[in-house]
Amino acid sequence: MSTDMLLRVEKGNAKPEELAAITAILLARAASTPDIPAPRARTTAGWRRLERTPGFRAPHSWQG
């Protein structure tokens with residue numbers, strides 16, 4: 001496959017106008033940015049409750 005081809009027709013015969021139209025649509029979709037809101041910052045760890053951990057852990061503890 002040559003490096004100057006952007007699209008390849010797998011089945012059928014596409015006219016140059018059809019290839020230009022699909023190329024324009026694909027490039028427009030790639031350039032658009034999704035409207036995803038920024039994630040909120042957490043105030044506390046959701047997976048661990050730091051206030052409930054004991055102050056001392058034995059050296060042979062599995063919790064590290």
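Leu7 is in contact (heavy atoms within 4.5 Å) with Leu19, Ile22, Thr23 and Leu26, once its neighbours within four places in sequence are set aside. Keep in mind that this is a predicted model, where local features need pLDDT of at least 70, side-chain atom pairs count only at pLDDT 80 or more, and totals for chains, interfaces and linings use all residues. Residues are numbered from 1 along each chain as its sequence is written, and side-chain values use heavy atoms, with hydrogens and water left out.

**Overall layout**
- The protein has one helix and zero strands; helices (H or I, at least four residues) and strands (E, at least two) are DSSP runs, numbered from the N terminus.
- Of the 64 residues, 0% are buried; that label means under 20% relative accessible area, while exposed means over 50% and partly exposed is in between (1.4 Å probe, protein chains only).
- The accessible surface is about 6800 Å², and 58% of it belongs to carbon and sulfur atoms; such areas come from the Shrake-Rupley method with a 1.4 Å probe, and for residues only the protein chains shown count as cover.

**Leu7 and helix 1**
- Leu7 sits in the segment before helix 1, whereas Leu19 is part of helix 1, which covers residues 16-31.
- Leu7 is partly exposed, at 33% relative accessible area, and Leu19 is partly exposed too, at 31%.
- Leu7 and Ala20 are 13 residues apart along the chain, and their C-alpha atoms are separated by 9.9 Å.

**A nonpolar patch**
- Leu7, Val9, Leu19, Ile22, Ile25 and Leu26 make a nonpolar surface patch of about 450 Å².
- Patches take residues with over 30% relative accessible area and no salt bridge, joining like charges within 9 Å and nonpolar side chains (Val, Leu, Ile, Met, Phe, Trp, Tyr) within 5 Å.

**A charged pair**
- The count comes to one salt bridge, meaning a side-chain nitrogen of Lys or Arg within 4 Å of a carboxyl oxygen of Asp or Glu.
- Arg8 forms a salt bridge with Glu10, with the closest N and O atoms 2.6 Å apart.
- Both Arg8 and Glu10 are exposed.
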